[in-house]
Each structure stands twice: as C-alpha cells, then as structure tokens.
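Visitor: Please take me through this structure, beginning with the charged side chains.

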Amino acid sequence: MDILMWRGLFPRQMLLSLLFWGLLLFGEKANGMSPEPRIAGGWAAQRAQWPWQVSVQEQGQHVCGGSLIGHQWVLTAAHCVSSSLKSQDLQIQLGEQFLYTKTRYSTLVPVSQILLHPHYDGDALHGKDIALLKIRQPVPFSKFIQRITLAPPGTQCWVTGWGNIRENVPLPQSYALQETDVYIVDTQMCRVLYDPEPIGNEMLCAGYPGERKTFCSGDSGGPLVCQLRNRRWVQVGVVSFIRSCAEPLLPGVYSKVSSYVPWIRQYVPQP
C-alpha cells in the first residue's frame with residue numbers, strides 16, 4: 001500500500017534535469033522569488049490549513065493520504081486500496097493535524113465502499129491510479145473539515161501528508177501533518193526524465209528546482225492542490241509514484257484529477 005519508488009537516473013536524464021531546473025530557478029531569481037532553504041523538503045502545517053486532507057487507515061494504522069471531495073466521499077490512489085481489501089478494514093481520519101491524537105475537532109469514520117478506477121490494472125506506472133472511498137455517513141463540514149474542489153492544474157501548488165520526511169526516515173512521533181510547495185513540470189520534460197517508464201496523458205508531474213521537496217513513502221493518495229487568483233483552492237492531482245524522494249532533480253508523478261472528473265461525477269455529484 002506504500003508509494004511506488006525506485007532509484008536511478010541515466011546520465012542524459014540527469015543533464016536534462018539539471019538544465020530544466022536551472023532555467024526554472026533562474027527565472028525565479030530574476031523575478032525576485034529565489035527559494036528559501038527548507039528542512040527535509042517540508043515543514044509542519046498549521047491547524048485547519050488543509051482541512052480536506054484525510055488519513056486513510058487500515059485497522060487503526062495510517063497507510064495513505066486522501067482528500068475529502070464531498071460530504072461522503074474521499075479521493076485517494078488505487079494502489080493504496082488493493083482489490084482484495086475489504087471496506088470494513090478501512091477508516092478515514094478527518095480534521096487531524098497530528099496523527100492518532102483524536103482531538104475534539106477531528107472524527108474517525110468507517111469506509112462503506114471502495115471504488116477502484118475500472119481500468120486500473122494493479123500497476124501505478126500504467127496510470128488510472130485513482131480510487132474513491134465512500135464513508136458510512138455524511139460528514140458535517142467545519143473550520144477543520146472541508147471538501148476540496150476539483151479543477152485543472154495551476155502553477156505553484158502544494159502537497160501534504162504524514163509520510164516519511166526523507167527516504168527511510170519516518171515522520172517524528174508527534175506525527176504533525178507536513179506541507180511543501182512544488183511546481184508543475186512540463187509533461188514532455190517529465191517523460192524524458194522518467195524514460196523508459198511511461199508518463200501518460202492522465203498523469204501530472206510536479207517538483208521543486210534543485211531541492212528535495214516532494215512526497216515520500218506514506219504520502220500516497222494525498223492531494224496536490226493549487227490556489228487560483230480568486231484565492232480559491234482546487235485539487236489537481238493525487239499522489240501516485242516517484243523513483244526516489246531522495247533525488248532532488250526528479251519530480252513526483254500524480255494522477256491528473258481533470259482526467260477522471262467524468263468518472264468521479266458518476267458517484268460524487270457536483271457541489
């Protein structure tokens with residue numbers, strides 16, 4: 001159920017990656033937006049900053065992230081919920097900043113139905129790595145629990161989760177929700193960087209120039225969100241896979257939400 005990860009960049013891909021991120025970084029400095037130093041690629045989020053973020057839990061243990069997209073629906077990655085998994089084994093933690101704390105602002109609800117995308121073949125690298133989880137009863141919204149709107153990608157975006165803070169380094173025991181900003185990467189460049197692994201049209205890539213700022217093991221299924229000019233937040237991706245969260249030149253790969261809106265709307269009505 002963990003995020004799919006593997007190592008290694010070919011020399012040609014490494015050079016192209018350096019060139020791509022160098023140009024993006026130069027553009028930021030020219031615009032007065034030079035990136036500030038980060039610790040382990042991310043930092044602890046504030047309470048209620050990402051009220052749509054949920055923890056998908058199996059028998060009480062966090063296995064993946066997800067996002068609330070309706071009063072009764074969670075969007076996550078298909079590889080987080082295998083076809084053999086039973087809905088009664090899953091629960092959704094909502095309104096949580098620190099995992100397993102169960103504050104008065106949070107709620108833990110059982111899952112009643114698992115819907116894998118019908119064309120997901122069990123391998124996230126082949127795409128269609130997306131799933132819907134229906135929770136047993138509708139959840140009331142609050143300052144700490146909100147749905148996220150689905151929309152096409154923007155430019156600067158954010159990814160959140162309770163996964164590892166570095167490769168093979170788990171989140172410290174306070175289990176604070178982590179956040180980091182990333183940039184949408186051109187699809188053709190992403191295909192070059194990941195060659196020979198296929199990057200399909202229903203996938204989206206995002207990363208940060210020259211820094212280890214991305215998702216890691218345990219963040220699968222979590223949301224990639226962007227803020228529009230009207231300050232409205234929209235979800236553009238679902239965490240899918242990456243070669244290695246220790247590689248600063250490699251973007252992460254997400255399921256592109258806009259490619260799956262028709263399928264999602266079969267089950268989750270437009271708000």
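Visitor: How does lysine 128 count at its relative accessibility?
Guide: Lysine 128 has a relative accessibility of 23% and therefore counts as partly exposed; buried means under 20% relative accessible area, exposed means over 50%, and partly exposed lies in between, with a 1.4 Å probe and protein chains only. Please note that this is a predicted model, in which local features need pLDDT of at least 70 and side-chain atom pairs count only at pLDDT 80 or more, while totals for chains, interfaces and linings use all residues. Residues are numbered from 1 along each chain as its sequence is written, and side-chain values use heavy atoms, with hydrogens and water left out.

Visitor: With which residue does lysine 128 form a salt bridge?
Guide: The partner is glutamate 202, with 3.9 Å between the closest N and O atoms. A salt bridge here is a side-chain nitrogen of Lys or Arg within 4 Å of a carboxyl oxygen of Asp or Glu.

Visitor: Which parts does the pair tie together?
Guide: Lysine 128 is in the loop between strand 6 (107-116) and strand 7 (131-135), and glutamate 202 is in the loop between helix 2 (187-194) and strand 11 (203-207), so the pair joins parts that are 74 residues apart in sequence. Helices (H or I, at least four residues) and strands (E, at least two) are DSSP runs numbered from the N terminus. Glutamate 202 has a relative accessibility of 15% and counts as buried.

Visitor: How many salt bridges does the count come to?
Guide: The count is two. Aspartate 181 is buried at 3% relative accessibility, and lysine 213 is buried with a relative accessible area of 2%.

Visitor: Over which ring does the charged end of lysine 213 sit?
Guide: It sits over the ring of tyrosine 208, 3.7 Å from the ring centre. The criterion is NZ of Lys or CZ of Arg within 6 Å of the ring centre and within 35 degrees of the ring normal.

Visitor: Turning to rings in general, how many aromatic pairs are there?
Guide: There are twelve aromatic pairs. Rings of Phe, Tyr and Trp (its six-membered ring) pair if their centres lie within 6.5 Å; planes under 30 degrees apart count as stacked, over 60 as edge-to-face and the rest as tilted. One of them joins tryptophan 43 and tryptophan 158 edge-to-face, at 5.8 Å centre to centre and 90° between the planes. Tryptophan 43 belongs to strand 1 (residues 43-44) and tryptophan 158 to strand 9 (residues 156-161), 115 residues apart.

Visitor: Why is the pair of tryptophan 52 and tryptophan 233 classed as it is?
Guide: Their ring centres are 6.2 Å apart and their planes are at 45°, so the pair is tilted. Tryptophan 52 is in the loop between strand 1 and strand 2, tryptophan 233 is in strand 13 (residues 233-241), and 181 residues separate them. Ring pairs join these residues into a cluster of Trp43, Trp50, Trp52, Trp158 and Trp233.

Visitor: Which residues does leucine 75 touch?
Guide: Beyond four places in sequence, leucine 75 touches residues including Ile69, Leu132, Val238 and Ile264. Contact means heavy atoms within 4.5 Å.

Visitor: What about the backbone: which peptide bond is cis?
Guide: The bond from aspartate 195 to proline 196 is cis, with omega near 10°, and proline 196 lies in the loop between helix 2 and strand 11. Alanine 48, although not a glycine, has a positive phi of about 70°. Most residues other than glycine have a negative phi, and most peptide bonds are trans.
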